[in-house]
Amino acid sequence: MRKLISVNDGKMLLEVYLCTMNFLELVNQRQSCRAYDPTRQVEREKLESCIEAARLAPSACNAQPWKFIVVDEPELKKKVARAADASLLGINRFTKDSPVLVVVVRESANLTSKLGTLLKDKPYPLMDVGIAVEHFCLQATSEGLGTCIMGWFDEQKVKELLGIPGKKRAELIISVGYAATNELRKKIRKPADEIRSYNRYA
C-alpha cells in the first residue's frame, strides 16, 4: 500500500508517495483475488507500474523470455475470460468480473539460456516467467490491486483471440482489479521447519 503525504519545501507543496509496509508485510498482503469490485476500473498507470516491476525481474542469462499482453478492452476481455472459464469444473468463473486480464507469453530464450536448459535439464525460461509474474503481482498489491494467477485455460483459443504466433506458449493469465472486499485470508502454509534446513538436506 502507498500513503500520500504533503511536503512543503518553502517554495511549493509537493505530494509524495511513501511505502507504508515492509517487504514481508507486502508478501502477506498478496493473495489470490477471485472477487472484484465491478464499479472500479484499473488505471493504466498502475498497470504500467506492474509491467515495469516485471520488466526488472531477473532471468537466466538475462534472457527475459516473456511478453505481457494486457487485455482491458471490455469485449475482448469477455472473450478471453470465457476461454479461461471452466464452468463444469468450477474453475475461473470469476474471470468474467475481472476488469483486466493479463496473458503471459513465454518468448524464446537467448542462446546461453537455451544451452543451459539443454545441458542441465532445467526449464530456465519457465522459472524466469514465474519470477516475472510474481514481481507483477507484488507490485499490483502495493498499488492496492488484487490479482490471481491462472494456468488453467483454453490456450489455443486465447492465442487465436490475441494473435499469438502458433509456436509460442501462453503460459499464464493474471486477473487484475480492485478486490470486492478488504478481507485478508489467513495463509495456510507449511511450517518453516518443513521447508528449511541448513548445510544439508534434512
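I started at N62, which is exposed at a relative accessible area of 52%. My cut-offs for accessibility are under 20% for buried, over 50% for exposed and partly exposed in between, with a 1.4 Å probe and protein chains only. The model is a predicted one, so I took local features at pLDDT of at least 70 and side-chain atom pairs at pLDDT 80 or more, while totals for chains, interfaces and linings use all residues. I count residues from 1 along each chain as its sequence is written, and side-chain values use heavy atoms, without hydrogens and water.

**Positive phi**

I placed N62 in the loop between α2 (44–55) and β3 (66–71). Helices (H or I, at least four residues) and strands (E, at least two) are DSSP runs, numbered from the N terminus. Phi of N62 is near 55°, a positive value in a residue other than glycine. I then looked up N92, in the loop between α3 and β4. Its phi is also positive, about 65°, and N92 is not a glycine. N92 is buried, with a relative accessible area of 9%.

**A60**

A60 sits in the loop between α2 and β3. I read a relative accessible area of 19%, so A60 is buried. I listed what A60 touches beyond four places in sequence: S113, Y124 and D128. Contact here means heavy atoms within 4.5 Å. I also checked A60 against C137: 77 residues apart in sequence, 20 Å apart in space, C-alpha to C-alpha.

**Helix α3**

I asked which residues of α3 are buried. They are K77, V80, A81, A83 and A84. Down the axis of α3, these buried residues fall within an arc of 155°, so they line one face of the helix. The arc is that of the directions from the helix axis to the C-beta atoms. An α-helix has 3.6 residues a turn, so residues three or four places apart point the same way. The buried residues of α3 pack against β3, β4, α6 (155–162) and β6 (169–177).

**S98**

S98 is in the loop between α3 (74–84) and β4 (100–106). It counts as buried because its relative accessibility is 0%. Its side chain reaches the backbone oxygen of V100 at 2.8 Å. A polar atom of the S98 side chain also lies 3.3 Å from the backbone nitrogen of V176. Beyond four places in sequence, S98 is in contact with Y36, K77, S175 and V176.

**E107**

I found E107 in the loop between β4 and α4 (111–120). Its side chain makes a polar contact with the side chain of K168 at 3.2 Å. A polar contact is a pair of N or O atoms within 3.5 Å; within protein, one must be able to donate a hydrogen and the other to accept it, and residues adjacent in sequence count only if both atoms are side-chain atoms. Leaving out residues up to four places away in sequence, E107 touches P65, W66, K67 and K168.

**Pockets**

A pocket is an open set of points on a 1 Å grid over the protein atoms alone, where a 1.4 Å probe fits, with protein on both sides within 12 Å along at least five of seven lines; lining residues have an atom within 4 Å of a point. The largest pocket has a volume of about 450 Å³. Of its 23 lining residues, Q31, G146, A179, T181 and N182 are the closest to its centre. The second largest pocket holds about 180 Å³. Its lining includes S98, K77 and D97.

Note on methods:
Grid points are joined across faces, edges and corners, and a volume is the space filled by probe spheres set on the points.
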